[in-house]
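The sequence and the structure are shown first, and the account follows them.

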Amino acid sequence: MKYDVNFNKIRFSHLKESRYGKVYKTIVEAKRLYPIDREASCTRLRIGLEILVDEIFKFTGEEKLKHGTINANLRILREIIPEQVRLYEGNDIISEMHNIRIHGNSGAHRNDKRAKDVDKSAYTSWIAVKKICGWLETFEEDYAAYVRSAQKHRSNCGNKKGLIGNIINVSILLMFLVVVIVLLMRYF
């Protein structure tokens, strides 16, 4: 089976002037390598993924959670980024990132004992890139909206707890006043 990547259907130019500019440059390099050496193309995409993951950690403010390996960091991102933000066209973007990681590792660590379909690996990686680039168009906005919603929910819960706490405090104060009044009436 022949796997051909249609680069015209992969939009990534919006990354060029964004925080993901280094990712853009790496994708351009991977695209240039594709017709020459598909394994090298996959390896470049994996390097771009590492840069992307670093930028996502910075954006979310969770850099302190980062670990040494890309695999560990993708698992952490799965926990940090809620499912409704991770989904793009029905696909979990973290799974697509794992595709790039796996095929990039395969390209970087060639094992002649194990036959592999380089064309299929490259095709799978580029399809993942297409989805990730599409997802990045709205990720920051969607994530920020999720964070605002979660903060509002916590604030509302805090206000409800605060109201209940205030009612309890007023009730205790009223009971104390009643006791004081009763005692004063007895002794005077």
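Helices here are DSSP runs of H or I with at least four residues, strands are runs of E with at least two, and both are numbered from the N terminus. Under that scheme Val23 is found in helix H1. The model is a predicted one.

## Overall fold

The chain has seven helices and two strands. Along the sequence these elements follow the pattern α-α-α-α-β-β-α-α-α. Of the 188 residues of the chain, 35% count as buried. Among contacts with a separation of 6 or more, 67% are accounted for by residues 24 or more positions apart. The chain exposes about 12,000 Å², and carbon and sulfur atoms supply 55% of that area.

## The nonpolar core

The largest nonpolar core has 39 residues. Leu15, Ile27, Leu52, Leu77, Met97, Trp126 and Phe139 are the residues with the most contacts inside this core. Two or more residues each are given to the core by helix H1 (21–33), helix H2 (38–60), helix H3 (70–80), helix H5 (93–108), helix H6 (118–136) and H7. The largest share, eight residues, comes from H6.

Leaving aside residues up to four places away in sequence, Val23 touches Leu15, Gly48, Ile51 and Leu52. Val23 and Leu45 are 22 residues apart in sequence, and their C-alpha atoms are 8.7 Å apart in space.

A search of the whole structure finds zero disulfides.

## Salt bridges

Side chains of opposite charge can pair when their charged atoms come close. The structure holds 11 salt bridges. Three of them are set out below.

| Pair | N to O distance | Relative accessible area |
|---|---|---|
| Arg19 and Glu140 | 2.7 Å | Arg19 38%; Glu140 25% |
| Lys64 and Glu62 | 3.4 Å | Lys64 66%; Glu62 22% |
| Asp92 and Arg78 | 2.7 Å | Asp92 16%; Arg78 27% |

The side chains of Arg19 and Glu140 meet in a salt bridge. Arg19 lies in the segment before H1 and Glu140 in helix H7, so this pair ties together parts that are 121 residues apart in sequence. Arg19 counts as partly exposed, and Glu140 is partly exposed as well.

In the pair formed by Lys64 and Glu62, Lys64 is exposed, whereas Glu62 counts as partly exposed.

Asp92 forms a salt bridge with Arg78. Because Asp92 lies in strand E2 (residues 91–92) and Arg78 in helix H3, the pair ties together parts that are 14 residues apart in sequence. Why does Asp92 count as buried? The relative accessibility of Asp92 is 16%, and the limit for a buried residue is under 20%. Arg78, by contrast, is partly exposed. The pair also belongs to a network of salt bridges that links Arg78, Arg86 and Asp92.

## Backbone and surface features

Most residues other than glycine have a negative phi. Glu89 has a phi near 50°, a positive value in a residue other than glycine. Glu89 lies in the loop between strand E1 (87–88) and E2. With a relative accessible area of 64%, Glu89 is exposed.

Which residues make the nonpolar surface patch of about 710 Å²? The patch is made by Val170, Leu173, Leu174, Phe176, Leu177, Ile181 and Met185. One of these residues, Leu174, lies in helix H7 (residues 139–187).

Notes:
Residues are numbered from 1 along each chain as its sequence is written. This is a predicted model: local features need pLDDT of at least 70, side-chain atom pairs count only at pLDDT 80 or more; totals for chains, interfaces and linings use all residues. Side-chain values use heavy atoms; hydrogens and water are left out. Patches are made of residues with over 30% relative accessible area and no salt bridge: like charges are joined within 9 Å, nonpolar side chains (Val, Leu, Ile, Met, Phe, Trp, Tyr) within 5 Å. Accessible areas come from the Shrake-Rupley method with a 1.4 Å probe; for residues, only the protein chains shown count as cover. A salt bridge is a side-chain nitrogen of Lys or Arg within 4 Å of a carboxyl oxygen of Asp or Glu. A nonpolar core is a set of buried Ala, Val, Leu, Ile, Met, Phe, Trp, Tyr and Cys residues joined through side-chain atoms within 4.5 Å. Buried means under 20% relative accessible area, exposed over 50%, partly exposed in between (1.4 Å probe, protein chains only). A disulfide is a pair of cysteine sulfur atoms within 2.5 Å. Contact means heavy atoms within 4.5 Å.
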